[in-house]
Amino acid sequence: MGIKGRHWALPAALLALALPMATGCDSAPSTRLKPTAGPATTAARVCAEPASGPAKAPAGAVTVDPAKAGDLAAKTKSHPPNTTFWLRPGRHRLDKDRYAQVVPKKGDVYLGAPGAVLDGRRTNQYAFSGGAPDVTIRYLTVRGFVAPQNEGVVNHDSADGWVIEHATIQDNSGAGLMAGARQQVRASCLRDNGQYGMNAYKGNGPLSGLVLEGNEITGNNTDDWERKQEGCGCTGGVKFWAVDGADVRGNWVHDNRGTGLWADTNNNDFLIEDNVLEANDGAALIYETSYNAVVRGNTIRRNNWVEGRKYADRGDSFPFATVYLSESGGEPRVRARTDKIEIDRNLLEDNWSGITLWENADRFCNSPANTSSGDCTLLVKNTKRCVRPAIATAPLYDDCRWRTQRVDIHNNRFVLDKSVVGCTVKCDRMAVLANYGTYPDWSPYQGDRVAEAITGKQHNRWHDNTYVGPWRFVAHDPSRILDSGQWRGAPYQQDAGSTFRAQDGG
């Protein structure tokens with residue numbers, strides 16, 4: 001996953017070039033950026049201004065009394081499917097047993113009155129669980145639940161077809177929300193949860209048709225799981241696992257500890273559009289070992305100041321970027337709305353570095369360096385095929401590895417003022433690179449084969465962009481640091497039609 005998946009292994013000559021590089025930062029403070037007052041565009045601002053639910057019970061609804069602990073779970077159990085429940089104003093509690101969660105039936109609807117809160121009291125693990133489809137939760141605050149790591153509070157079992165609207169899910173352990181197929185999460189506040197705002201993972205079936213629209217996702221990973229389990233790749237505002245089809249539109253994803261949005265392992269067909277991604281400690285977006293996406297019209301600003309600075313300060317030469325594509329690319333054989341990864345019409349402003357396209361030469365199906373252990377690409381269903389001698393020849397030579405290919409980066413605006421970011425070097429890079437393959441000893445990808453492929457043979461292109469500020473470029477491996485003329489010249493020939501203005505600022 002992510003950082004852990006880089007597995008550096010440079011030949012001696014390249015290592016000698018890489019080590020003397022400057023550490024990258026001046027004495028600027030490394031504290032987190034303060035939350036902003038609001039997004040610059042029309043992206044959601046819902047945590048401070050939540051919508052109010054119905055002040056009276058709708059006709060036919062069952063009223064739930066906050067004075068009776070366990071009333072919500074008991075009435076859900078005693079009523080038939082497709083029942084609407086209206087939670088009165090006040091603090092609703094479950095029974096004290098940690099497994100006393102609500103188990104909805106198909107089509108149940110839960111509506112919170114103004115001021116209705118379902119409080120787990122740091123006692124109950126889950127708020128809503130079970131496999132019933134097509135459940136709706138609106139206008140309800142859910143807080144104080146203590147789900148274990150990698151588990152979620154609302155829709156704990158990743159049931160399909162749930163609709164979460166105008167909800168506030170905050171101050172819980174684990175993930176505030178899990179996801180099932182065709183789930184819609186709209187106009188909701190996912191705030192200050194211990195691990196994720198939402199964990200889009202379904203272990204027992206396909207997860208497709210996900211919509212995440214108009215939400216505010218902020219302050220998540222309060223338990224700082226990457227510190228507890230270094231390199232776990234298990235944190236962020238939202239984590240997506242093996243999601244086939246997701247629309248992520250108009251969200252304000254900010255001030256999360258770690259990554260804002262992270263798609264990890266065999267995701268496909270994403271539209272990430274018109275979001276504001278800002279002031280996240282790590283990358284705004286990681287798209288890892290995944291396929292086919294459109295990333296357009298987003299405002300991406302002041303991300304990666306904490307994590308980028310941390311790696312630079314310890315002498316790491318990797319171009320740790322704000323938009324990070326790791327072993328991910330366009331693949332026409334995997335059905336989607338596009339057969340590329342297209343990154344266009346975005347504004348990236350005062351982030352720690354820009355876009356990095358990376359491919360770990362040692363990460364492929366059956367390799368011990370594959371941190372998504374047990375998983376293989378979507379092109380090879382039987383992982384056992386990816387072994388010697390077959391893996392050394394077509395088609396398995398290509399199909400047994402996730403390839404960063406067919407990435408089209410165009411019509412974006414990249415703005416960098418180093419005085420705003422508070423750095424001297426290593427915060428100013430675009431990159432396309434791989435490591436020198438060494439591992440395992442039966443790997444057919446040893447040497448610089450993958451570095452040559454990602455740089456010049458896999459149709460990864462920057463063009464028609466606008467650069468403002470002192471940008472530099474990394475190609476092939478971290479020792480090859482280029483100015484804009486070298487980047488545009490042979491053999492790289494990147495950024496045709498782009499414009500460059502060297503001074504800092506906008």
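Tutor: Start with a word we will need: buried means under 20% relative accessible area. Keep in mind that this is a predicted model.

A search of the whole structure finds five disulfides. Number the bonded cysteines of the chain in sequence order, and they pair 1-2, 3-4, 5-6, 7-8 and 9-10.

Take C365 and C376. Their sulfur atoms sit 2.0 Å apart and form a disulfide. The torsion about this S-S bond is 100°, and the link is right-handed. Where do C365 and C376 lie? C365 is in the loop between β29 (355-359) and α5 (396-399), and C376 is also in the loop between β29 and α5, so the bond ties together parts that are eleven residues apart in sequence. Apply the cut-off now: both C365 and C376 are buried.

Move on to C386 and C400. This pair forms a disulfide too, with the sulfur atoms 2.1 Å apart. Here the torsion about the S-S bond is about -85°, so the disulfide is left-handed. C386 lies in the loop between β29 and α5, while C400 lies in the loop between α5 and β30 (407-410), so this bond ties together parts 14 residues apart in sequence. C386 is buried, and C400 is buried as well.

Now go to C47 and C189. A disulfide joins them, S to S 2.0 Å. This pair links distant parts of the chain. C47 is in the loop between α1 (12-18) and β1 (62-64), and C189 is in strand β13 (residues 189-191), 142 residues apart. Is the bond right-handed or left-handed? The torsion about the S-S bond of C47 and C189 is about 100°, so the disulfide is right-handed. Both of these cysteines, C47 and C189, are buried.

Technical notes
Residues numbered from 1 in each chain as written. Predicted model: local features only at pLDDT ≥ 70, side-chain atom pairs only at ≥ 80, totals over all residues. Heavy atoms only, no water. Disulfide = S-S within 2.5 Å. Helix = DSSP H or I, 4+ residues; strand = E, 2+ residues; numbered from the N terminus. Buried < 20%, exposed > 50% of the residue type's maximum accessible area, 1.4 Å probe, protein only.
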